[in-house]
Amino acid sequence: MLETKKQLRTAQLKRIHHFLRRDDADQLLESLYQRLFVDPDFLNSQMIGITLSMADELDTQPIINRALQSEKQVVIPRTLPKRQMEFVLYNGHSKLETTKFGTTEPVGGQVVSKNEIDVLIVPGLAFSKNHYRVGYGGGFYDRFLKGFNGTSIAVAMPPQLFEAPSWTPEDFDVLIDKIIY
């Protein structure tokens with residue numbers, strides 16, 4: 001039976017929370033990072049778009065650190081009115097603020113064109129092996145991914161990965177190019 005996205009989001013938040021508290025979670029996450037770090041799209045990219053993770057999400061700091069150590073440019077999102085977002089250059093010392101949604105975003109900074117981003121690490125709560133995604137419900141990434149020419153990559157922790165969607169995909173859902181799991 002298919003779940004609504006709202007039901008799925010509620011269940012996924014609990015599953016992810018429990019997963020991240022497992023004794024072997026760090027070891028499993030490290031293997032995910034290593035798979036990403038040897039991915040040809042990641043290796044060959046010059047500019048990576050990525051969020052600053054919140055609690056109970058895949059920690060994006062190891063990815064940001066690797067990208068910066070590899071002399072890649074890192075850009076992080078800032079939300080805009082009408083559920084839009086833009087990406088701003090991040091150097092590890094950028095001025096940041098916490099939004100009313102609890103996300104950390106840049107204040108000021110140099111905005112880059114979406115077509116300058118080679119790889120976009122896309123967050124989410126659930127990913128299917130046929131590249132569907134359920135995010136947090138704002139629609140920011142689906143809107144941004146329309147017309148995005150780079151490669152979208154999701155890094156899926158075990159509880160986030162589904163053989164096929166257990167939810168009903170919608171017309172506006174944008175498929176992810178690659179899922180690392």
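Modeller: First, a term for what follows: Ala, Val, Leu, Ile, Met, Phe, Trp, Tyr, Cys and Pro count as nonpolar, Asp, Glu, Lys and Arg as charged, and the others, Gly among them, as polar. Keep in mind that this is a predicted model.

Colleague: How do the residues of the lining of the largest pocket divide?

Modeller: The largest pocket holds about 690 Å³ of space. Its lining has 29 residues. By class, they divide into eleven nonpolar, eight polar and ten charged.

Colleague: Which residues lie nearest the centre of the largest pocket?

Modeller: The lining of the largest pocket draws on several elements. Those giving two or more residues are helix 1 (5–20), strand 2 (73–80), strand 5 (104–106), strand 9 (133–134) and helix 5 (140–145). Nearest the centre of the pocket lie Y136, G137, G138, F140 and Y141.

Colleague: Which element gives the most to the lining of the largest pocket?

Modeller: Several elements give two or more residues to this lining, among them helix 1 and helix 5. The top contribution is four residues, and it comes from helix 5.

Colleague: How much space lies in the largest cavity?

Modeller: The count comes to one cavity of 30 Å³ or more. Its lining has 17 residues, with E57, L58, V122, P123 and G124 nearest the centre. They divide into ten nonpolar, five polar and two charged. The space in the largest cavity is about 170 Å³.

Colleague: At what angle do the axes of helix 2 and helix 4 cross?

Modeller: Two packed helices are described by the angle and the distance between their axes. Helix 2 (residues 25–37) and helix 4 (residues 61–69) have axes that come within 11 Å and cross at roughly 35°.

Colleague: Which residues of helix 4 make the contact with helix 2?

Modeller: Helix 2 passes helix 4 in a right-handed crossing. The contact residues of the pair divide into five nonpolar, one polar and one charged. Helix 2 brings Y33, Q34, L36 and F37. Helix 4 brings P62, I63 and R66.

Conventions:
Residues are numbered from 1 along each chain as its sequence is written. This is a predicted model: local features need pLDDT of at least 70, side-chain atom pairs count only at pLDDT 80 or more; totals for chains, interfaces and linings use all residues. Side-chain values use heavy atoms; hydrogens and water are left out. Axes are lines fitted to C-alpha atoms, for helices over the stretch in contact, and angles run from 0 to 180 degrees between N-to-C directions. A crossing is left-handed if the near helix is turned anticlockwise from the far one by less than a right angle, and right-handed if clockwise. Contact means heavy atoms within 4.5 Å. On a 1 Å grid over the protein atoms alone, a cavity is a set of points where a 1.4 Å probe fits but cannot get out, and a pocket is an open set with protein on both sides within 12 Å along at least five of seven lines; lining residues have an atom within 4 Å of a point. Grid points are joined across faces, edges and corners, and a volume is the space filled by probe spheres set on the points.
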